[in-house]
Amino acid sequence: MRKILTFAPILCFCLIQCLNNSESRFPVDLVLELKHARSKIKIAKDLLPYHWKKNPGRQSDLPLSRKWENTQITFNTNKEIFLNHSLDAIYFPPGQEYQFTLPKGTYQFSSLVGLLGEYEFQSSVKGKLKFYSQSNLLKEWDFSGTTKEQWIKKETSVTLDGDLRLVWESRDSHLFVGEPLLYPDGFGESKKISEKPKSVILIVIDSARKDFLGAYGYRHSVTPVLDQLAKESVFFENPFANGNWTKPSMMSFFHSEYSSNLGLGNSWFSTKPYQRKVYYGKKRDNLAKTFREAGYYSKTIMNNVFFLDYTTVGLDLGFHNSFQVGMDIVDTEVLTNHAIEFVSEKKDIPYFLHFNLNTPHASYSPPPEDMKAVRSIVPDSEFFRYESPVKRYLGEMHYTDREIGRLVNKLKELGTYEETMIIVTGDHGELFSPEHDYSYHFIMQTRFGHGETHYDEEINVPYFIKLPKSIAETVVVGKDKSLFSEDHNSLPHRYPIVKRMPIQNKMGKESVSQIDGIKNSQSQTQIRIPGQSSLMSLAPTILGFLDLKPENATYQGVDYATCILQSNSCPTEKFIYTEGRMSESVRTESYKYIRRYPGFTTVRRTSAGEPHTMAEELYDLQKDPKELRNLSSEKEGETLLLQARADFRRENFLKRNGLRIWIPPCEEAICRDYLSLNVQGSIYDWVAPETVQISSGSAKTISVAKETRDTRESIEARDHKTSLETKTKKTIQPEEIILKTVNPELGAFFQFTRNGKTIPVRFGRYGLEYQRSMNHIEDLIVSERQPDGLLQSPLPWIYNDGAFSGSGESEVQKEMGKEVKKILETWGYIHE
């Protein structure tokens with residue numbers, strides 16, 4: 001069970017026990033209760049196919065026979081700014097009823113409701129939603145004359161006698177009850193600041209480079225609000241995103257897992273059906289889901305389609321409420337205004353708000369007043385050295401900071417600032433340096449942008465966490481010692497800090513020890529985390545500070561909260577892995593290694609420039625911190641390149657399906673084996689014996705060549721060896737090649753020749769024999785384990801191990817497979 005913080009001490013002891021020790025959480029989230037509820041109509045399919053902005057809810061754990069009873073549905077409530085307002089809702093087709101078993105008591109029922117017609121162009125919608133408990137009618141909402149596709153806020157007080165039954169009476173209208181929550185009477189009525197809920201605001205600034213913030217060393221404070229926040233925070237000095245563009249980066253830090261390991265990949269905007277199948281088919285913890293299950297109200301306010309499932313781009317992460325503006329330039333003020341409304345309305349309950357500003361992102365169009373402000377802050381001698389896009393980017397950063405300041409001021413005005421945790425970060429940086437202009441940026445058609453390179457300027461982002469005052473005091477004020485110290489190689493120390501010193505642990509590796517803390521006159525203490533870190537730590541660290549991390553959580557990153565709160569040594573992130581479009585990088589404190597997938601090694605300097613190959617890049621960060629000299633093809637870099645390649649493969653950052661190819665031993669004096677494949681999932685990497693040569697002409701094609709030459713003596717020696725092995729019951733093993741694939745698609749098309757003669761290939765779990773691939777082999781080619789008879793097969797054998805995506809083969813299916821194999825043998829399809 002997860003523990004959650006006590007938000008309202010005014011509540012009775014029984015309520016607190018429910019919060020900490022039972023499945024019953026407050027507020028009661030009726031969407032999460034659906035799996036225990038009785039429904040009159042089981043909804044297994046989409047009953048309103050004309051309205052495409054929806055998908056079955058993913059958070060209610062409903063069986064497939066009921067999956068549409070929970071619907072994530074989006075209404076376009078303002079077409080001028082493309083406002084798509086999405087709610088996780090309970091779906092009521094005409095005549096639907098739901099009955100929930102709930103504790104007795106008086107509750108405040110809160111929701112946003114909306115209606116659609118049976119048909120797209122239906123002129124009017126109407127109906128009545130009735131509330132019952134033990135057959136007693138409690139309330140009735142009449143929706144006659146309601147406007148279609150608009151969210152209407154509805155609240156009421158209900159006294160329940162052990163159950164709640166919701167009945168929708170309508171002949172031709174469909175009701176969606178979004179974010180249906182039941183708060184016990186008096187919940188959140190605490191008055192003292194110390195008793196306010198510890199709410200959480202995650203501020204993500206799109207395309208935010210770290211080095212344009214004063215807190216990170218920029219000499220002119222164009223971001224005064226963020227710089228002040230940083231003074232009061234756990235401050236990560238050198239943080240990096242795990243994706244060089246929005247989708248892989250945000251998915252990774254929300255889940256504390258690499259995007260490709262979630263099944264989502266990194267190559268393009270769309271999320272394909274097979275990727276959704278992998279993502280939704282496995283247990284996934286993410287910040288929105290964890291906070292929601294712990295009793296927090298969860299909302300995202302953004303211009304970011306990656307959190308909307310219906311777009312075919314994003315996914316449903318489980319927010320109660322997703323407010324998404326699709327119009328650039330005007331979006332920032334709209335989003336900030338809505339965030340201010342939100343924190344005002346929800347000030348007395350615990351909430352998790354993801355506030356995502358797209359402002360610094362291209363096209364770099366700041367308001368004139370912010371450009372004027374930047375001109376007054378940055379001296380002309382420096383300002384005019386910047387190219388025009390960089391000047392405008394500075395204006396965007398000032399504008400973003402000003403908008404965040406409006407939100408911070410509202411929190412202070414409400415009296416909730418001190419007990420609100422505020423996290424600030426960026427999803428990636430932005431490429432400005434002309435020295436790094438090797439790649440034609442296909443979207444902006446200019447070097448200014450992101451998603452193409454892995455240099456620090458594109459992945460080095462701000463990251464700091466302002467703790468609630470009550471937690472911060474236990475870290476510093478309430479202790480004689482704290483674990484952080486000054487790192488003399490780090491940024492200039494503008495602010496009073498709590499010190500942290502590196503020491504040598506028993507293993508000889510550098511860790512961090514605790515020494516005396518320092519508190520400034522304004523009771524602001526900055527805790528600095530020196531050295532490199534990554535946004536993989538964001539989710540576990542936030543949840544660690546609040547004691548909300550689930551048992552057996554899938555979060556993979558470092559929980560810095562543990563070492564901070566316990567004043568213990570903090571771990572170091574030795575390797576930081578970042579994904580890009582068909583590319584990846586590994587960063588250590590000493591080197592940066594960049595690798596592109598086979599078939600994607602050609603880059604261009606401009607849209608009309610000559611192509612050149614860059615399969616790898618390597619930079620010595622100690623000697624070349626600006627990453628200007630690529631050592632991958634230089635003799636000076638040979639040793640470091642071997643180390644980087646070895647580190648990369650040993651760490652095995654990404655989980656991949658393996659297309660396994662087994663080549664049987666050759667019985668002839670000279671054997672020339674040749675295998676050509678077209679791999680549906682595209683090629684990521686391969687593992688092969690030294691005797692095998694592999695080449696790739698594109699992302700999906702690969703050729704495997706192997707030549708074996710035996711002299712007469714070697715043949716006689718081999719025959720003698722074979723005789724000895726027979727006596728000792730040993731056999732010559734076939735050689736295995738593993739092709740790792742980018743995507744979890746299962747199929748492959750192949751042809752195998754030995755000494756110029758095409759011979760059959762066995763494939764899949766059953767070892768079916770074909771001269772060439774057949775159509776629709778995706779299911780047959782998968783085998784979760786090494787197929788029976790593989791090592792003794794005289795023919796090549798290919799199968800997909802489904803190591804990442806899995807084949808979903810149950811124990812019963814495995815047993816059935818054995819029977820199927822016997823039948824196939826009797827039919828002559830398999831020859832032993």
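Reader: Which residues does E430 touch, not counting residues up to four places away in sequence?

Author: They are S207, R209, A362, Y364, Y393, G449, H450, E457 and E458. A contact here means heavy atoms within 4.5 Å. This is a predicted model, so local features need pLDDT of at least 70, side-chain atom pairs count only at pLDDT 80 or more, and totals for chains, interfaces and linings use all residues. Residues are numbered from 1 along each chain as its sequence is written, and side-chain values use heavy atoms, with hydrogens and water left out.

Reader: Where is E430 found?

Author: In the loop between β18 (421-426) and α11 (456-459). Those labels are DSSP runs: helices are H or I with at least four residues, strands are E with at least two, and both are numbered from the N terminus. The protein chain has 17 helices and 41 strands.

Reader: How do you know that E430 has no salt bridge?

Author: A salt bridge needs a side-chain nitrogen of Lys or Arg within 4 Å of a carboxyl oxygen of Asp or Glu. Lys and Arg count as positive and Asp and Glu as negative, while His and the chain ends are not counted. For E430, the nearest side chain of opposite charge is R209, at 7.9 Å.

Reader: What makes D309 and R58 a salt bridge?

Author: Their N to O distance is 3.4 Å. That is within 4 Å, so the pair counts. D309 sits in the loop between β15 and β16, and R58 in the loop between β3 (54-56) and β4, 251 residues apart.

Reader: Why is D309 called buried?

Author: Buried means under 20% relative accessible area, exposed means over 50%, and partly exposed lies in between (1.4 Å probe, protein chains only). D309 has 7%, so it is buried. R58 has 30%, so it counts as partly exposed. Across the protein chain, buried residues make up 58% of the 832 residues.

Reader: What makes R402 and D370 a salt bridge?

Author: Their closest N and O atoms are 2.6 Å apart. R402 lies in helix α10 (residues 388-414) and D370 in helix α8 (residues 368-377), so the pair ties together parts 32 residues apart in sequence. D370 has 0% relative accessibility and is buried. R402 has 33% and is partly exposed.

Reader: How do you know that D801 forms a salt bridge with R660?

Author: The closest N and O atoms are 2.7 Å apart. D801 is in the loop between β41 and α17 (811-827), while R660 is in strand β31 (residues 658-663), 141 residues apart. D801 is buried at 11%, and R660 is partly exposed at 22%. The whole structure has 51 salt bridges.

Reader: How do you know that β32 and β35 pair?

Author: Two strands pair if DSSP finds at least two bridges between them. β32 (residues 670-679) and β35 (residues 701-709) have nine, in the antiparallel sense. I670 stands opposite R709 in β35. β32 also pairs with β37 (residues 748-754), antiparallel, over seven bridges. There, S676 has Q751 as its bridge partner.

Reader: What makes β34 and β38 edge strands?

Author: Their open sheet runs β34-β35-β32-β37-β38, with antiparallel pairing. β34 (692-695) and β38 (757-758) each have a single partner strand, so one side of each is left without a neighbour in the sheet.

Reader: Which face of β32 is covered?

Author: The one with C671, D673, L675, L677 and V679. The uncovered face has I670, R672, Y674, S676 and N678. In a regular strand, side chains alternate between the two faces of the sheet.

Reader: What is the pairing in the open sheet of six strands?

Author: Mixed, in the order β33-β36-β31-β41-β39-β40. Its edge strands, β33 (683-687) and β40 (768-770), each pair on one side only. Within this sheet, β39 (residues 761-763) and β41 (residues 797-800) pair in the parallel sense over two bridges. Two meets the requirement of at least two, so they count as a pair. The bridge partner of F763 in β41 is I798.

Reader: What makes the phi of F82 worth a note?

Author: It is positive, about 50°, although F82 is not a glycine. F82 is in the loop between β4 (70-78) and β5 (83-92). At 43% relative accessibility, F82 is partly exposed.
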